[in-house]
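Here are some notes to read alongside the coordinates. I have grouped them by topic, with the cut-offs given as the terms come up.

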Amino acid sequence: REAFGPSDGGLALIGDCEVFDGFVDRTGKFVPWGGMMPQLFVSCSINAGPGEVFVPTIETTRLCFVSRTLLTRASPVLLVGPPGNGKSALARAALAALPEGAATARVSFHACTDAPAFRAKLEARLEARSSGHLGPRGSARLVCLVDDLHLCPAGRHGERPALSLLRALIDGYGWWDHRRRSQQRVHGMAFCGALSPVGGKRICSKLQRRFAMLSVPPVDGSGLAIFSALVGGYLGRGGFEAHVVAMAPMIGAATIALHAEVGAAFVTSTTTPHYVWGLREICAVARSMCDAVAELHGTRQRLARFWLHEVSRVYSDRLATESDAAHFADIARRVTRAHFEELDQTELLRAPLLYGRLPPLPVRGELARSAACSMVSTELRRTATRRRAKGADSLAAYVELRDTCRTRDRLEAWLHALNARPTQP
């Protein structure tokens with residue numbers, strides 16, 4: 001306390017910063033984790049999925065630093081947390097931050113992963129160094145990410161051969177070569193695992209004590225920072241006006257509130273095992289919001305209505321019964337009214353709520369082109385004409401289909417024209 005400053009009876013070291021909010025560097029100074037957070041640059045390209053964009057937070061910075069430090073010293077690391085909260089992305093970020101010269105590999109467990117399959121995937125990255133000894137190819141160390149350890153299948157008597165092989169590799173024993181009838185030792189490998197203890201699926205204590213376990217907390221306030229960074233970065237570089245870009249934190253807060261209510265209302269059971277809500281759903285909504293186009297969703301009203309459709313796709317489409325879907329509709333309306341009070345609620349909640357991408361035209365000519373554009377409103381039709389004049393694909397935009405009857409009729413006519421087109425032998 002004399003080195004870090006006075007304390008008022010608590011653990012505060014620098015202002016409001018507590019002992020878990022930083023670390024002591026090599027010079028003996030206390031450095032907050034926020035000072036190590038890298039800056040995020042979000043491109044306006046929407047080709048990258050949410051799993052390919054890593055948004056740093058204080059929690060991820062802390063876990064990445066500890067994981068990287070342990071893996072650099074060949075100490076196994078195990079990330080444990082609920083499903084869909086970013087354990088795999090966190091592990092990939094830790095592996096990407098390893099020093100130069102370290103190779104990485106990834107093995108994902110599933111219900112059919114056995115010991116021979118696990119061994120074959122590892123052998124593809126190893127080479128023989130001497131008689132009975134294997135090592136990484138052209139690298140001093142190989143760090144392997146073993147994802148979804150809880151999905152490893154159990155045998156007839158409850159044994160899990162793949163996990164037993166993993167434990168032998170951590171202990172440095174290697175495996176038994178049945179062809180040569182000799183033991184092969186594996187050198188220069190470190191392991192980083194990810195585990196979701198759902199449904200009582202856990203690993204045995206003999207393997208668990210080999211790892212340094214790090215708990216990845218569920219989605220909290222960091223989810224708002226992740227959503228705002230992704231959506232705000234895209235809107236800011238996608239040609240949207242400043243007052244529309246300012247809606248990113250508002251839309252993020254609405255998404256987090258909706259996510260919390262959905263998680264409390266729809267829980268996992270024997271009949272609904274897929275009711276698992278995590279960071280994956282929040283990233284899916286953020287990825288869907290990147291389909292917005294400034295020419296078509298350039299106002300606050302249209303962008304909020306587009307968000308309402310996307311959260312319905314992500315959450316409501318996974319519900320099993322009509323009563324659950326009706327309950328979600330009530331939750332969505334309540335959250336929408338609470339977070340978008342200044343907008344026209346009648347227009348925002350107007351039914352039907354339907355968006356789609358118009359398929360390519362099966363026939364040519366202005367008649368077919370006008371039939372395609374008649375599915376959308378007159379204003380959107382003019383926007384499509386301007387996009388076509390600029391050389392853009394007007395029919396690839398994600399537009400709102402207001403008239404469902406006309407949309408169905410036009411799609412049936414489209415399908416009929418497509419089926420009537422002659423095919424080449």
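**Notes on the model**

1. Helices α10 and α11 (322-339) each contribute at least two residues to the lining of the second largest pocket. Helices (H or I, at least four residues) and strands (E, at least two) are DSSP runs, numbered from the N terminus. The share from α11 is the greatest, at five residues. In total, 15 residues line the second largest pocket, and Leu308, Ser312, Ala329, Arg333 and Leu353 lie nearest its centre. Its volume is about 300 Å³.

2. For the pocket terms, the search runs on a 1 Å grid over the protein atoms alone: a cavity is a set of points where a 1.4 Å probe fits but cannot get out, and a pocket is an open set with protein on both sides within 12 Å along at least five of seven lines; lining residues have an atom within 4 Å of a point. Grid points are joined across faces, edges and corners, and a volume is the space filled by probe spheres set on the points.

3. Please keep in mind that this is a predicted model: local features need pLDDT of at least 70, side-chain atom pairs count only at pLDDT 80 or more, and totals for chains, interfaces and linings use all residues. Residues are numbered from 1 along each chain as its sequence is written, and side-chain values use heavy atoms, with hydrogens and water left out.

4. Now the chain as a whole. The protein chain holds 15 helices and 13 strands. Of its 425 residues, 40% count as buried, where buried means under 20% relative accessible area, exposed over 50%, and partly exposed in between (1.4 Å probe, protein chains only). The protein chain exposes about 22,700 Å², with carbon and sulfur atoms supplying 55% of that area; accessible areas come from the Shrake-Rupley method with a 1.4 Å probe, and for residues only the protein chains shown count as cover. Taking contacts (heavy atoms within 4.5 Å) between residues at least 6 apart in sequence, 70% join residues at least 24 apart.

5. Back to α10 for a moment: Arg305 is found in this helix, which spans residues 300-315. Is Arg305 buried or exposed? Arg305 counts as buried because its relative accessibility is 4%. Not counting residues up to four places away in sequence, Arg305 touches Glu347, Leu348, Leu349, Arg350, Pro352, Leu353, Tyr355 and Glu400.

6. Two strands pair if DSSP finds at least two bridges between them; β7 and β10 run parallel and are joined by five bridges, with Leu142 bridged to Met189 in β10.

7. Helix α2 (residues 87-96) is mostly covered, with seven of its ten residues buried: Lys87, Ser88, Leu90, Ala91, Ala93, Ala94 and Leu95. These buried residues pack against α1 (58-72), β3 (77-80), β4 (102-108), β7 (141-147) and β10 (189-195).

8. Another open sheet has four strands in the order β5-β6-β9-β8, with mixed pairing. The edge strands are β5 and β8 (175-177), each pairing on one side only, and the twist averages 40° from one strand to the next. Helix α3 (residues 115-123) lies across β5, β8 and β9, at about 90° to β8.

9. Both senses of pairing can be followed strand by strand here. Strands β5 (residues 126-130) and β6 (residues 133-136) are antiparallel over four bridges, and Ala128 stands opposite Leu134 in β6. These two strands form a hairpin with two residues between them, and Gly132 in the turn has a positive phi of about 80°. On the other pairing, β6 and β9 (residues 182-186) are parallel over two bridges, where His133 has Arg185 as its bridge partner in β9.

10. Finally, a look at Leu207, which lies in helix α5 (residues 205-208). Leu207 counts as buried because its relative accessibility is 0%. Beyond its neighbours within four places in sequence, Leu207 is in contact with Leu163, Leu166, Arg167 and Ile170. Leu207 and Leu166 are 41 residues apart in sequence, and their C-alpha atoms are 8.1 Å apart in space.

How values were computed. Axes are lines fitted to C-alpha atoms, for helices over the stretch in contact, and angles run from 0 to 180 degrees between N-to-C directions.
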